[in-house]
Amino acid sequence: DLSRSLYVAEDVKEGELITEKNGRSGRPGFGLHPKYYNEILGKRFRIDLTKGEPVTFESISSNNS
């Protein structure tokens, strides 16, 4: 769905793992497309995010460490 994107479902801290609990798909489409959901699971946040903020490539680590 083009009008959806990925958001944080709860406040997260830098270095925290991206999980099914803290990431979700929602409207409007200001973050990453939901097709990236499985790809980003298990990666880490590069910055602190507040519940409801969109997930972007800039906000996640490019590796799992």
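**Strands, a loop and a cis bond**

Q: Which residues point the other way from strand S1 (residues 5-8), when Ser 5 and Tyr 7 point one way?
A: This model is predicted: local features need pLDDT of at least 70, side-chain atom pairs count only at pLDDT 80 or more, and totals for chains, interfaces and linings use all residues. Residues are numbered from 1 along each chain as its sequence is written, and side-chain values use heavy atoms, leaving out hydrogens and water. All the S1 residues named here are buried (under 20% relative accessible area; exposed is over 50%, partly exposed in between; 1.4 Å probe, protein chains only). Ser 5 and Tyr 7 share one side, and the other way point Leu 6 and Val 8.

Q: How many bridges join S1 to strand S2 (residues 23-26)?
A: Strands are DSSP E runs of at least two residues, helices H or I runs of at least four, numbered from the N terminus. Two strands pair if DSSP finds at least two bridges between them. S1 and S2 run antiparallel, and the bridges number four.

Q: Which residue in S2 stands opposite Leu 6?
A: Leu 6 belongs to S1 and is buried. Opposite it in S2 stands Ser 25.

Q: What distance separates the C-alpha atoms of Lys 35 and Leu 6?
A: Lys 35 lies in the loop between S2 and H1. It counts as exposed because its relative accessibility is 60%. Lys 35 and Leu 6 are 29 residues apart along the chain, yet their C-alpha atoms are separated by 9.2 Å.

Q: Which peptide bond is cis, with omega near -5°?
A: Most peptide bonds are trans. Pro 28 sits in the loop between S2 and H1. The cis bond runs from Arg 27 to Pro 28.
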